[in-house]
Amino acid sequence: MIQLTFTEEEREVLFDILENDIAELRMEISDTHRKEYREMLKHREALMKSIQHKLEQAAEKITA
């Protein structure tokens, strides 16, 4: 397991980047006709959402 340490500002920026990229990815998924490519994009979206969730959990631990 890899452990990274971010400042609150860095965490917020990373969260925002992920949020924007996920939104763009959703548009790309809807415009994609090749099934294999769409599935790869959906997998990437799931990974990005997982990272975003972990960032949220880390923020909750800090504020608790």
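I started at Leu4, which sits in the segment before helix 1 (8-31). The model is predicted.

I checked the accessibility of Leu4. Its relative value is 59%, so Leu4 counts as exposed.

Next I turned to Arg11, a residue of helix 1. Is Arg11 buried or exposed? I found 13% relative accessibility; the cut-off for buried is under 20%, so Arg11 counts as buried. I listed what Arg11 touches, leaving out residues up to four places away in sequence: Phe6, Leu55 and Ala59.

I went along helix 1 for its buried residues. They are Arg11, Phe15, Leu18, Ile22, Leu25 and Ile29. What covers them? Helix 2 (35-63) is included in the cover.

I checked the length of helix 1. Its 24 residues reach 35 Å from first C-alpha to last, close to the 34 Å expected at 1.5 Å a residue.

Then I looked at the whole protein. I count two helices and zero strands. The C-alpha atoms fill a box of roughly 45 × 25 × 15 Å along the principal axes. I get a radius of gyration of 14 Å, whereas a compact globule of 64 residues would have one near 11 Å. Buried residues make up 20% of the 64.

Residues 24 or more positions apart account for 50% of them. Last, I noted the accessible surface: about 5,500 Å², with 55% belonging to carbon and sulfur atoms.

Notes: Residues are numbered from 1 along each chain as its sequence is written. This is a predicted model: local features need pLDDT of at least 70, side-chain atom pairs count only at pLDDT 80 or more; totals for chains, interfaces and linings use all residues. Side-chain values use heavy atoms; hydrogens and water are left out. Helices (H or I, at least four residues) and strands (E, at least two) are DSSP runs, numbered from the N terminus. Buried means under 20% relative accessible area, exposed over 50%, partly exposed in between (1.4 Å probe, protein chains only). Contact means heavy atoms within 4.5 Å. The expected span of a helix is 1.5 Å times one less than its number of residues. The radius of gyration is taken over C-alpha atoms; the globule rule is 2.2 Å times the number of residues to the power 0.38. Accessible areas come from the Shrake-Rupley method with a 1.4 Å probe; for residues, only the protein chains shown count as cover.
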